[in-house]
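Have the structure open while you read.

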Amino acid sequence: MIPAVAAGSVGLRILKTLYKGKKKIGSATKMAADKAGKAGFTGTSKAITGASKKIHSGSRQVGKFVKKNPKTSSFAGGVATISFLDD
């Protein structure tokens with residue numbers, strides 16, 4: 001397979017994984033914020049909701065970057081994997 005094509009497909013797989021992770025994070029934080037609010041910890045609930053919104057915004061920016069630069073994101077993922085496996 002041509003390396004450029006392989007790098008692009010890896011970048012798109014990273015993007016698909018990000019969407020799945022974002023969905024799980026969103027549902028878990030919503031559940032945690034609801035539970036904290038019902039228990040009387042309204043400040044904690046607001047903090048969880050605010051952090052969730054910032055995470056959502058950040059994941060959208062990462063998703064846009066991966067769509068725009070699939071080869072670069074594939075390279076970054078490969079470097080992270082190699083450094084993880086080396087240690």
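## Starting at Thr29

The side chain of Thr29 reaches back to the backbone oxygen of Gly26, at 3.1 Å. That is a polar contact, meaning a pair of N or O atoms within 3.5 Å; within protein, one must be able to donate a hydrogen and the other to accept it, and residues adjacent in sequence count only if both atoms are side-chain atoms. A polar contact of 3.2 Å also links the side chains of Thr29 and Ser52.

A word on where this comes from: the model is predicted, so local features need pLDDT of at least 70 and side-chain atom pairs count only at pLDDT 80 or more, while totals for chains, interfaces and linings use all residues. Residues are numbered from 1 along each chain as its sequence is written, and side-chain values use heavy atoms, with hydrogens and water left out.

## Around Thr29

Thr29 sits in helix α1, residues 3–38. Helices here are DSSP runs (H or I, at least four residues), strands are E runs of at least two, and both are numbered from the N terminus. Is Thr29 buried or exposed? With a relative accessible area of 19%, Thr29 is buried. The cut-offs are under 20% for buried, over 50% for exposed and partly exposed in between, using a 1.4 Å probe and protein chains only.

Leaving out neighbours within four places in sequence, Thr29 is in contact (heavy atoms within 4.5 Å) with Ile48 and Ser52. Thr29 and Thr49 are 20 residues apart in sequence, and their C-alpha atoms are 7.2 Å apart.

Now for a serine in α2 (residues 42–68), namely Ser45. What does the side chain of Ser45 have 3.0 Å from one of its polar atoms? The backbone oxygen of Ala33. Ser45 also counts as buried, at 14% relative accessibility. Not counting residues up to four places away in sequence, Ser45 touches Ala33, Ala36 and Gly37.

Asp34 belongs to α1 and counts as partly exposed, at 40% relative accessibility. Asp34 and Thr49 are 15 residues apart in sequence and 9.4 Å apart in space, C-alpha to C-alpha.

The 27 residues of α2 reach 39 Å from first C-alpha to last, close to the 39 Å expected at 1.5 Å a residue. That expected span is 1.5 Å times one less than the number of residues. Buried residues in α2 include Ser59, Gly63 and Val66.

How do α2 and α3 lie relative to each other? They are roughly perpendicular, a label for angles of 65 to 115 degrees (under 35 is roughly parallel, over 145 roughly antiparallel, the rest oblique). The axes of α2 and α3 (residues 70–86) come within 5 Å and cross at roughly 110°. Axes are lines fitted to C-alpha atoms, for helices over the stretch in contact, with angles from 0 to 180 degrees between N-to-C directions. Phe65, Val66, Lys67 and Lys68 of α2 make this contact with Pro70, Thr72 and Ser73 of α3.

## The whole chain

Zooming out, the protein has three helices and zero strands, in the order α-α-α from the N terminus on. Of its 87 residues, 15% are buried. Among contacts with a separation of 6 or more, 69% come from residues 24 or more positions apart.
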